[in-house]
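Student: I'm new to this one. Could you walk me through it?

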Amino acid sequence: MRKGDLTHITLNQSKMTTYHLETKIETLLCWTDSELQEVFGGFGPDIRLELRIRLAAGEKKIGSIDCQGFDPVTGCPGHEAKEVLDGTA
Ligand SMILES: [Zn+2]
């Protein structure tokens, strides 16, 4: 099984559950403008403003665009390994 951008695997009632990489908005706000531009593209101060607006709206995390069911507050919901294996088989 390929890991891709999945960060860790936990055992959950004998089923494998995988989680996508996710970053706290608070952490991203500590980055420099050029670091934000490198990761997100666009103009650093605009990205920072967007992140502040999201944080003010109650969002806490930014996740992978590949993550089905990603929640901006709780993050990656976790995915049973079966669906991951189906995608890479
Ligand atoms: Zn996910």
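This is a predicted model: local features need pLDDT of at least 70, side-chain atom pairs count only at pLDDT 80 or more; totals for chains, interfaces and linings use all residues.

**A first walk along the chain**

Student: What share of the residues of the chain count as buried?

Tutor: To count as buried, a residue needs 20 or more other C-beta atoms within 10 Å of its own. The chain has 89 residues. The share of them that count as buried is 7%.

Student: Which contacts join residues at least 24 apart, and what percentage is that?

Tutor: Here we look at contacts between residues at least 6 apart in sequence. Among those, the part joining residues at least 24 apart is 51%.

Student: What should helix α3 span, and what do its end C-alpha atoms give?

Tutor: Helix α3 covers residues 44-56, which is 13 residues. The expected span is 1.5 Å times one less than the number of residues. For α3 that comes to 18 Å, and the end C-alpha atoms agree, because they are 18 Å apart.

Student: Which residue just after α3 takes a positive phi?

Tutor: Look just past the end of α3. The phi there is about 105°, and the residue is Gly-58.

Student: How are α2 and α3 arranged: roughly parallel or roughly perpendicular?

Tutor: The axes of α2 (residues 33-40) and α3 come within 8 Å and cross at roughly 85°. Angles of 65 to 115 degrees count as roughly perpendicular. So α2 is, relative to α3, roughly perpendicular.

Student: Which residues make that contact, and what classes are they?

Tutor: From α2 come Asp-33, Ser-34, Leu-36, Gln-37 and Phe-40, and from α3 come Gly-44, Pro-45, Ile-47 and Arg-48. By class, the contact of α2 with α3 has four nonpolar, three polar and two charged residues.

Student: Is Leu-28 buried, exposed or partly exposed, and which residues is Leu-28 in contact with?

Tutor: Leu-28 sits in helix α1 (residues 25-28). It counts as partly exposed, because it has 19 C-beta neighbours inside 10 Å. Leu-51 is 23 residues away in sequence, yet the C-alpha atoms are 8.0 Å apart. Leaving aside neighbours within four places in sequence, the contacts of Leu-28 are Thr-23, Leu-36, Leu-51 and Ile-62.

Student: Is Thr-27 buried or exposed?

Tutor: Thr-27 also lies in helix α1. Its C-alpha atom is 9.8 Å from that of Lys-60, 33 residues apart along the chain. With 10 other C-beta atoms within 10 Å, Thr-27 is exposed.

Student: And where is Asp-66, and is Asp-66 buried or exposed?

Tutor: Asp-66 is in the loop between β4 (61-63) and β5 (79-80). Since 12 other C-beta atoms lie within 10 Å, Asp-66 is exposed.

Notes. Residues are numbered from 1 along each chain as its sequence is written. Two residues are in contact if their C-beta atoms, placed from the backbone, lie within 7 Å. Helices (H or I, at least four residues) and strands (E, at least two) are DSSP runs, numbered from the N terminus. Axes are lines fitted to C-alpha atoms, for helices over the stretch in contact, and angles run from 0 to 180 degrees between N-to-C directions. Angles under 35 degrees count as roughly parallel, over 145 as roughly antiparallel, 65 to 115 as roughly perpendicular and the rest as oblique. Ala, Val, Leu, Ile, Met, Phe, Trp, Tyr, Cys and Pro count as nonpolar, Asp, Glu, Lys and Arg as charged, and the others, Gly among them, as polar.
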